[in-house]
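The following note sets out numbered points for a colleague's reading. Please consider them alongside the sequence and the coordinates.

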Amino acid sequence: MEPMDVEGSPICLDLDSYITQYSGNVCLQRLKFYVDNSRASSDNYRLLIQTAMDCKNITVYTDSVEALNNTCPSEAISVNVDWITQTSKYLTNKVDRLDQDLKS
């Protein structure tokens with residue numbers, strides 16, 4: 001369990017149990033809030049990075065990789081450029097399809 005400071009008092013939170021209650025972008029945003037506002041471990045950053053990839057959120061992914069690398073330099077990872085390129089193309093195609101549907 002990771003302690004989280006909330007107004008000066010540490011709270012023990014079993015992050016894995018807590019986060020399984022949520023899915024998709026809600027899960028991603030809650031996990032991001034926790035990592036941003038606590039003394040997160042490299043495992044927490046890795047969970048956030050994987051969740052960002054699952055949700056196809058390039059911004060949270062790149063920010064989280066950078067934060068992990070800055071916080072835990074001994075466990076630094078490189079940005080997966082192939083995943084970013086593939087996901088960007090996928091999202092662009094999806095937006096184009098939705099735009100075409102609206103025009104039809």
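1. Thr87 is found in helix α5, residues 81-103; helices here are DSSP runs of H or I with at least four residues, strands are runs of E with at least two, and both are numbered from the N terminus. Thr87 is buried, at 5% relative accessible area, where buried means under 20%, exposed over 50% and partly exposed in between (1.4 Å probe, protein chains only). Its side chain reaches the backbone oxygen of Trp83 at 2.8 Å. Leaving aside residues up to four places away in sequence, Thr87 touches Lys56 and Ile58, a contact being heavy atoms within 4.5 Å.

2. This is a predicted model, in which local features need pLDDT of at least 70 and side-chain atom pairs count only at pLDDT 80 or more, whereas totals for chains, interfaces and linings use all residues. Residues are numbered from 1 along each chain as its sequence is written, and side-chain values use heavy atoms, with hydrogens and water left out.

3. Most residues other than glycine have a negative phi. Lys56 is partly exposed, with 33% relative accessibility.

4. What span should the 13 residues of helix α3 have at 1.5 Å a residue? The expected value, 1.5 Å times one less than the number of residues, is 18 Å for α3 (residues 42-54), and the end C-alpha atoms are 18 Å apart, which agrees. Among the buried residues of α3 are Tyr45, Leu48, Ile49 and Met53.

5. The count of salt bridges comes to three, each requiring a side-chain nitrogen of Lys or Arg within 4 Å of a carboxyl oxygen of Asp or Glu. Glu75 and Arg46 form one of them, at 3.9 Å from N to O. Because Glu75 lies in the loop between α4 and α5 and Arg46 in helix α3, the pair ties together parts that are 29 residues apart in sequence.

6. Asp36 forms a salt bridge with Lys32, with the closest N and O atoms 2.6 Å apart; both lie in helix α2 (residues 24-36), four residues apart, about one turn of the helix. Asp99 and Lys103 also meet in a salt bridge, at 3.4 Å from N to O, and are four residues apart in helix α5. Asp99 is partly exposed at 34%, whereas Lys103 is exposed at 62%.

7. The structure holds zero disulfides, a disulfide being a pair of cysteine sulfur atoms within 2.5 Å. For Cys55, the nearest cysteine sulfur is that of Cys27, 6.7 Å away.

Notes
A polar contact is a pair of N or O atoms within 3.5 Å; within protein, one must be able to donate a hydrogen and the other to accept it, and residues adjacent in sequence count only if both atoms are side-chain atoms.
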